[in-house]
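Here is a short tour of one model, meant to be read with the coordinates open. Shall we look at a few side chains and strands together?

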Amino acid sequence: MKKAIVVSIIGASMLLSAGAGVYAGTNMKEIKAYLNNDIKVKVNGKTTQLLDTKGNVLTPISYDDTTYVPIRAISGLLNVAVDYDPATDSVLLGEKVEGTPINANQTFYTSIKDPNLTKYKGTDYKEVLIAKGNGGSNFQLTPNKKFQKLYLQVAAIEASVNLEFKDTQGHLLKEVTVSIEDGMKTIELNVAGLEEVNVFYGTEGVFVPVTTSYYK
């Protein structure tokens with residue numbers, strides 16, 4: 001399993017617009033750099049623009065014979081998750097070292113916490129989604145572009161169930177069948193660059209622990 005790549009960065013656009021006194025007492029160093037509009041970025045042979053989260057065009061920076069590009073824009077083009085850890089002033093790329101339970105990243109208003117209903121094969125999962133649909137139904141997950149992988153635990157509770165994972169445009173990301181014989185099955189899905197994932201299931205229903213399903 002891949003570990004996160006951790007790098008420290010300096011906000012170049014801030015350095016170019018703020019006075020030197022703003023960063024007194026930090027580890028930042030003032031430099032003289034240049035916005036380089038001659039630099040082109042190609043991904044798989046195709047020229048592309050670097051954009052910020054609001055869709056504004058970003059320009060590479062040249063400094064000391066090295067070209068610097070905005071890490072969030074590049075990670076989006078390469079389909080690699082990016083997040084920021086303020087506690088260590090670090091940017092996290094790819095899978096994180098520690099998993100984040102999916103219920104720590106979003107609130108599931110339809111989840112069940114009744115201990116009489118949260119047990120599966122002797123294990124109490126504390127909080128679960130027990131989903132049964134008439135003609136099929138779905139639930140939504142929101143990785144919010146912060147994670148590289150989803151590890152979703154699923155058990156079939158009545159009969160084998162087919163699950164389809166789709167993005168917000170309805171594109172099929174993955175299709176998995178879980179049988180009763182599988183027990184608690186862990187499904188791995190690449191969620192890099194995705195705000196939301198919709199999980200569709202059949203009428204048979206599923207048991208999904210939201211405490212032990214996690215992102216990395």
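Lysine 185 has a relative accessible area of 27%, so this residue is partly exposed. In this predicted model, lysine 185 forms a salt bridge with aspartate 182, and aspartate 182 counts as partly exposed too, at 36% relative accessibility.

| Salt bridge | Distance |
|---|---|
| Lysine 185 and aspartate 182 | 3.9 Å |
| Aspartate 124 and lysine 126 | 3.8 Å |
| Glutamate 164 and lysine 166 | 3.6 Å |

How exposed are the other partners? Aspartate 124 is partly exposed at 26%, whereas lysine 126 is exposed at 56%, because the cut-off for exposed is over 50%. Glutamate 164 is partly exposed, with a relative accessible area of 24%, and lysine 166 is partly exposed at 23%.

Glutamine 153 lies in strand 16, which spans residues 149–156. With a relative accessibility of 15%, glutamine 153 counts as buried, because the cut-off is under 20%. Its side chain makes a polar contact of 2.5 Å with the side chain of threonine 212.

Now for a hairpin. Strand 9 (residues 82–85) pairs with strand 10 in the antiparallel sense over 4 bridges, and tyrosine 84 stands opposite valine 91. There are 4 residues between the two strands, and aspartate 89 in this hairpin has a positive phi near 50 degrees. Strand 10 is covered on both faces: Ser90 and Leu92 are buried on one side, Val91 and Leu93 on the other.

Terms used: Residues are numbered from 1 along each chain as its sequence is written. This is a predicted model: local features need pLDDT of at least 70, side-chain atom pairs count only at pLDDT 80 or more; totals for chains, interfaces and linings use all residues. Side-chain values use heavy atoms; hydrogens and water are left out. Buried means under 20% relative accessible area, exposed over 50%, partly exposed in between (1.4 Å probe, protein chains only). A polar contact is a pair of N or O atoms within 3.5 Å; within protein, one must be able to donate a hydrogen and the other to accept it, and residues adjacent in sequence count only if both atoms are side-chain atoms. Two strands pair if DSSP finds at least two bridges between them. A salt bridge is a side-chain nitrogen of Lys or Arg within 4 Å of a carboxyl oxygen of Asp or Glu.
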